[in-house]
Amino acid sequence: MMKYKKFVPVIATTLIFACGVSLAAQKDIVTEPTYQPVFAWPEDTAANKITIKGTAELTEEQMVAYIKNNTPTTKLNCSVEDIVHYYYQEGKIEGVRADIALCQAIKETGWFCYGGTVVPEQNNYCGLGTTSSTVKGHYFATPELGVRAHIHHLLVYAQKQAPVQELADPRYQLVVDRHPDYYGNMMYWTDLNGRWAVPGKHYGEEILLLWDAAKNGSHNTGLLDVVKANVDKNPDSYEAWYAYAKLAHNLGQYKDATKAYEKLISLNEKEPSPYLELASIYNDWGFDSKAVDVYNKLLKFDPYNKEAIRGKAYEMAFLGKKRAAVIFYSQVLRMDENDTLSLYNRGNLLKQLGKNSAGEEDLTKLKKLQEK
């Protein structure tokens with residue numbers, strides 16, 4: 001388990017590469033009035049310091065090449081050159097880093113190939129108003145307006161000043177009214193974890209992973225093909241499948257990663273790692289019951305696996321089964337009384353269940369650990 005630091009809680013997301021597949025400044029952790037179960041603390045990396053506001057580092061030409069290198073065709077209602085130009089145009093006007101905002105759009109739309117709930121006709125590049133698999137969200141008359149709405153939605157998190165342009169984001173005021181703690185307080189891309197998308201475990205980091213690849217001129221799907229070729233040559237090699245599974249997972253090719261982890265489990269049913277990784281994918285997809293099933297399979301042969309018990313507790317909490325979640329978090333704390341994730345989650349869950357004294361005891365202990 002990584003060393004505990006003063007991290008803002010995050011929840012769980014998906015990273016989408018290629019067509020067809022689909023921290024506020026660090027602060028003390030306190031009881032949150034709008035508590036959501038926490039899957040993991042974010043790592044203390046340079047990514048946590050990359051701001052939403054600022055000037056793009058990459059040129060328009062670099063971003064056009066990056067998109068074209070990673071997908072031969074898109075379903076945009078304009079050219080790749082035009083969509084990139086709109087992001088740089090709107091980003092410059094509002095002071096938002098256009099290259100990273102574009103990477104967020106790439107992530108949300110699957111390289112502008114779609115395939116999920118949102119359809120190309122919406123000109124919606126960031127999932128605005130898409131609150132479930134059956135709610136498509138907002139439509140925008142032109143690609144330019146869709147880009148402007150995206151930039152404005154970033155602004156509602158990153159600053160309290162109104163946009164320079166006439167407001168195009170239909171959900172701007174909703175954030176102001178319902179989430180005053182978010183409004184203007186999310187300085188960094190990683191602050192969007194668990195806020196822009198829920199779950200959203202590593203939402204910001206995954207956007208920045210795309211940005212890093214753009215800076216390196218990477219052709220991500222080509223690398224995956226190379227590793228897959230090694231699997232084809234060595235179909236019973238655990239090492240080859242593991243390398244393929246991890247790369248596919250890191251690149252956001254979740255369907256390929258899922259099949260690879262299932263293959264790993266078939267090759268060695270007693271190795272915990274593929275179960276944990278597979279459960280995390282189902283978690284990111286929002287298939288909480290499937291994640292629980294995977295954790296249960298792992299716990300049958302490794303009943304004291306702390307990561308699996310804690311993961312199951314998180315899923316129970318997310319499914320609204322608070323009492324069951326408390327039981328599993330308590331099991332983790334019997335193994336490790338200083339497990340900060342379990343203290344945070346159990347403390348808040350106990351308070352929601354009306355056991356304020358017991359909940360405060362957990363949160364007080366968490367704060368003392370934080371101060372060390």
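Start with helix 13, where Ala325, Val326, Phe328, Tyr329, Ser330, Val332 and Leu333 are buried. Buried means under 20% relative accessible area, exposed means over 50%, and partly exposed is in between, with a 1.4 Å probe and protein chains only. Helices here are DSSP runs of H or I with at least four residues, strands are E runs of at least two, and both are numbered from the N terminus.

A word on the model. It is predicted: local features need pLDDT of at least 70, side-chain atom pairs count only at pLDDT 80 or more, and totals for chains, interfaces and linings use all residues. Residues are numbered from 1 along each chain as its sequence is written, and side-chain values use heavy atoms, leaving out hydrogens and water.

Back to helix 13. It has 14 residues and reaches 20 Å from first C-alpha to last, close to the 20 Å expected at 1.5 Å a residue. That expected span is 1.5 Å times one less than the number of residues. What covers its buried residues? Helix 12 and helix 14 are included in the cover. Contact, here and below, means heavy atoms within 4.5 Å.

Now helix 12, residues 306–318. It has 13 residues and spans 18 Å, close to the 18 Å expected. Of those 13 residues, 11 are buried, so helix 12 is largely enclosed by the rest of the structure. Among them are Lys306, Arg310, Lys312 and Glu315. The cover includes helix 10 (272–285), helix 11 (288–301), helix 13 (322–335) and helix 14 (340–352).

Look at the ends. Asparagine 305 caps the N-terminal end of helix 12, with a side-chain oxygen 3.2 Å from the backbone nitrogen of glutamate 307. Just after helix 12, glycine 320 takes a positive phi of about 85 degrees.

Zoom out. The protein chain has 15 helices and zero strands. Buried residues make up 54% of its 372 residues. Its accessible surface is about 16400 Å², and 51% of that belongs to carbon and sulfur atoms. Areas come from the Shrake-Rupley method with a 1.4 Å probe; for residues, only the protein chains shown count as cover.

Next, the cores. A nonpolar core is a set of buried Ala, Val, Leu, Ile, Met, Phe, Trp, Tyr and Cys residues joined through side-chain atoms within 4.5 Å. The largest has 58 residues, and Met63, Ile83, Val84, Tyr87, Phe112, Tyr125 and Trp189 touch the most other members. Which helix gives the largest share of this core? Helix 4, with eight residues. Take isoleucine 83: leaving aside neighbours within four places in sequence, it contacts Leu76, Cys78, Phe112, Tyr125, Pro143 and Val147. Apart from that core lies another, of 51 residues, including Ile265 and Tyr282.

Aromatics. The whole structure holds eight aromatic pairs. Rings of Phe, Tyr and Trp (its six-membered ring) pair if their centres lie within 6.5 Å; planes under 30 degrees apart are stacked, over 60 edge-to-face, and the rest tilted. Tryptophan 241 and tyrosine 244 are edge-to-face, 6.1 Å centre to centre, with 75 degrees between the planes. They sit three residues apart in helix 8, so about one helical turn separates them. Tryptophan 241 is buried at 13% relative accessible area, and tyrosine 244 is buried at 5%. Tyr157, Tyr182 and Trp196 form one aromatic cluster.

Last stop, proline 163, in the loop between helix 4 and helix 5. Proline 163 touches Glu94, His152, Leu155 and Tyr172, not counting residues up to four places away in sequence.

How values were computed: A polar contact is a pair of N or O atoms within 3.5 Å; within protein, one must be able to donate a hydrogen and the other to accept it, and residues adjacent in sequence count only if both atoms are side-chain atoms.
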